[in-house]
Amino acid sequence: MAKTKLMMLGPPGAGKGTQAQQLAEKFDIPQISTGDMLRSARRKGTELGKEAAKFMDAGELVPDEVVIRIVKERLSEPDAEGGFILDGFPRTVGQAEALDEMGVELEAVLNIEVSEEEVVRRLGGRLSCPNCGATFHEEFKPPTEEGVCDECGSDLVKRPDDRPEAIRERLKAYHAKTAPLVDYYRDQGVLIDVDGEGTPDEVYGRAEAAISD
Ligand code: AP5
């Protein structure tokens, strides 16, 4: 049986969201993306969204206590009982420890490995739908109609944190705060390295094989 308590790990732009979405559909489990949840709060203009926006636009991490709270609430919803795929959480050792304290036992952490050069190419051309969160790429995954979301017909935008300065900050935050999770989960025996280079379908084939016994 496939593993269904999953987490995607990897640098910004590695393709975590792209892979998580496909795996979630295939295994019929919810994709729990803290980035998407924070962007949704922002669109709704909630206090949480306004607070998070300051950190996100600068390419910095939102404080641990804020994200831990929203993930705890989300994991307590009934659809997460049979499995889930965490996308973008945990991102610090503090968040990983909080997840352990919640009693969540991850079955596999997929560590998507890509070069920094490739990350910059992927983020530089990313187009996002501000309405439904779908993601496209100018070169690698263009929408059917230029500038329009295939899923909901909204105008596509570039994310504010995909500006070159913000990408640099996000990579710094990744190396300083998130990369230590590779050893954290290797020590727990659940880390699986996945080669993230190649087309999205090629990466998906590797990711799916890694969690299917
Ligand atoms: P978040 O939204 O999680 O951003 P991220 O981790 O930086 O990841 P991205 O969404 O940028 O990239 P991805 O790896 O999902 O790649 P994607 O599939 O889109 O977080 C944003 C911000 O929110 C953070 O900076 C922080 O401020 C805050 N935040 C979120 N969670 C937090 C937490 N836990 N703690 C604190 N703060 C938190 O792919 C990228 C592009 O490449 C797309 O255009 C895609 O089409 C294309 N692509 C994908 N795969 C391939 C491929 N194989 N070949 C070619 N192109 C590809």
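Two residues are in contact when they have heavy atoms within 4.5 Å of each other. With that in hand, welcome to this predicted model, in which local features need pLDDT of at least 70, side-chain atom pairs count only at pLDDT 80 or more, and totals for chains, interfaces and linings use all residues. Residues are numbered from 1 along each chain as its sequence is written, and side-chain values use heavy atoms, with hydrogens and water left out.

**Overall build**

- The chain contains 9 helices and 7 strands; these are DSSP runs numbered from the N terminus, with helices being H or I of at least four residues and strands E of at least two.
- Its radius of gyration is 16 Å, close to the 17 Å from the globule rule for 213 residues, so the chain is as compact as a globular protein of that length. That radius is taken over C-alpha atoms, and the rule is 2.2 Å times the number of residues to the power 0.38.
- Along the principal axes, the C-alpha atoms fill a box of roughly 45 × 40 × 35 Å.
- Of the contacts between residues at least 6 apart in sequence, 67% join residues at least 24 apart.

**Surface and charge**

- Buried residues account for 48% of the 213 residues (buried is under 20% relative accessible area, exposed over 50%, and partly exposed in between, with a 1.4 Å probe and protein chains only).
- There are 27 positive and 43 negative side chains, and the centres of the two sets lie 4 Å apart. Here Lys and Arg count as positive and Asp and Glu as negative, leaving out His and the chain ends; each charge is placed at NZ of Lys, CZ of Arg, CG of Asp or CD of Glu.

**Two glycines to find**

- Gly196 sits in the loop between β7 (191-195) and α9 (200-211).
- Gly196 is buried, with a relative accessible area of 0%.
- Leaving aside residues up to four places away in sequence, Gly196 touches Ile112, Glu113, Val114, Arg122, Val203 and Arg206.
- Gly147 belongs to the loop between β6 (135-137) and α7 (164-178).
- Gly147 counts as partly exposed, at 28% relative accessibility.
- With residues up to four places away again not counted, Gly147 touches Ser154, Asp155 and Leu156.
- The C-alpha atoms of Gly147 and Val109 are separated by 34 Å, and the two residues are 38 apart along the chain.
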